[in-house]
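Work through the exercises below with the sequence and the model in view. Each task is followed by its solution.

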Amino acid sequence: MAAHSMKPALKPGSQAPPASPADVDLGVQVGPLRLANPVMTASGTAGLGLELEPFWDLREAGAVVVKTITMKPRRGNPMPRLCETPSGLLNSIGLPNKGVRHFLDVTLPKLRGKAACLVVNIAGTCTGEFGELAALLDAAGGIDALELNISCPNVEGGNLPFGRDPQVVRRLVADVRSATRLPVITKLSPNVSDIAEIAQAARDGGSDAVSLINTLLGMSVDWRTGRPGLGTAVGGLSGPAIKPVALRMCWEVARSVDIPVIGIGGIRDADDVLEFLCVGCSAVQIGTQHYKVPDAVPRAVAALRGALHAAGRRDVRSVIGSVRAG
Ligand code: RRO
């Protein structure tokens, strides 16, 4: 008998396993965005995107997300702005950037064409400013989507002026929706009592997707000097410490809204990526890991192919929402 006829017959409807990791289809759909793979960079941890260029070709990421742009230039928060803790990083950066005019005139021309999908993260100082920023960026061309940062923990003492009240969130997103035809992703904070309710408000306002979680409010202190680790005392915690919280929140949100969820929070490698997809995320963002492994994104993408091939999966989409719980 020929060796090939010894293989077990495929069950009706099942697909042949991929012949090699290169045959695994990593494409995902995030609302109107078609991504070549589900691994994005997280805003803020890759600067304006260009900072990672010496390490890898930015086109290898499903999408590159630029650090938050505001209408006017901002200097950021007092030093120290970063503080390491045993399993996570505290930050209080405070949105330093040169403002949208500089971004449009200087940065965007350098970024155009460098990423497979370019997402610009924006923050306003009032709800109307989000719409104004969206209109300006839309008109510039070369941007594939906007991420609305309604969740920065490092303004107004962590009070989240735009991210906590569902009615404010719905109005803000609706305002942006009417200002742009670009896909809109709303980035949510974990520092709320019901994140699913905020996700629903974003959906009701017309958001195409939600991304979560931004950082968790945290603090560190040196008891000998009495000095907190951050200049603002309180800041946002990211990294492996927050992964279980992020995974739980992504699961909750994916069950309660009918728009795509992008998972963020302590993602380091392909297994982490697949865990977030399993609980219902359509894509993920890698952030803090960049400080240890600047090419974490292409590494995760390559390992994703290997892991799916080893599991006999032809495509990554079969993992999305495959969690067996409640
Ligand atoms: O710049 C920051 O301090 C910052 C921002 Br915009 C954000 O969205 N999340 C965060 O942890 N830090």
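A residue counts as buried when its relative accessible area is under 20%, and as exposed when that area is over 50%. The model used here is predicted.

**Exercise 1.** Find the buried residues of helix H6 (residues 270-278) and say what covers them.

Solution. Step one: apply the cut-off along H6, where Ala270, Asp272, Val273, Leu274, Phe276 and Leu277 are buried. Step two: look for their cover, which includes strand E3 (39-41), helix H5 (243-256), strand E15 (261-264), strand E16 (283-286) and H7. Step three: inspect both ends of the helix. At the start of H6, the backbone nitrogen of Asp271 has a side-chain oxygen of Asp269 within 3.3 Å. Just after H6, Gly280 has a positive phi of about 120°.

**Exercise 2.** Identify the residues that touch the most other members of the largest nonpolar core, and trace the contacts of Phe103.

Solution. Step one: the core has 97 residues, and Phe103 and Leu212 touch the most other members. Helix H7 (residues 296-310) supplies the largest share of this core, six residues. Step two: set aside the neighbours of Phe103 within four places in sequence; its contacts then include Leu48, Val66, Ile69, Pro109 and Ile143.

**Exercise 3.** Locate the polar atoms of Lys67, Gly94 and Leu95 that lie beside oxygen atoms of the ligand.

Solution. Step one: list the surroundings of the ligand, among them Lys67, Asn91, Gly94, Leu95, Cys152 and Thr215. Lys67 places a polar side-chain atom 2.7 Å from a ligand oxygen. Gly94 has a polar backbone atom 2.7 Å from a ligand oxygen, and for a polar backbone atom of Leu95 the distance is 3.0 Å. Step three: consider the cover; of the 310 Å² of accessible area that the ligand has on its own, the protein covers 93%.

Conventions
Residues are numbered from 1 along each chain as its sequence is written. This is a predicted model: local features need pLDDT of at least 70, side-chain atom pairs count only at pLDDT 80 or more; totals for chains, interfaces and linings use all residues. Side-chain values use heavy atoms; hydrogens and water are left out. A nonpolar core is a set of buried Ala, Val, Leu, Ile, Met, Phe, Trp, Tyr and Cys residues joined through side-chain atoms within 4.5 Å. Buried means under 20% relative accessible area, exposed over 50%, partly exposed in between (1.4 Å probe, protein chains only). Helices (H or I, at least four residues) and strands (E, at least two) are DSSP runs, numbered from the N terminus. Contact means heavy atoms within 4.5 Å. A residue is near a molecule or strand if one of its heavy atoms lies within 4 Å of it. A polar contact is a pair of N or O atoms within 3.5 Å; within protein, one must be able to donate a hydrogen and the other to accept it, and residues adjacent in sequence count only if both atoms are side-chain atoms. Accessible areas come from the Shrake-Rupley method with a 1.4 Å probe; for residues, only the protein chains shown count as cover.
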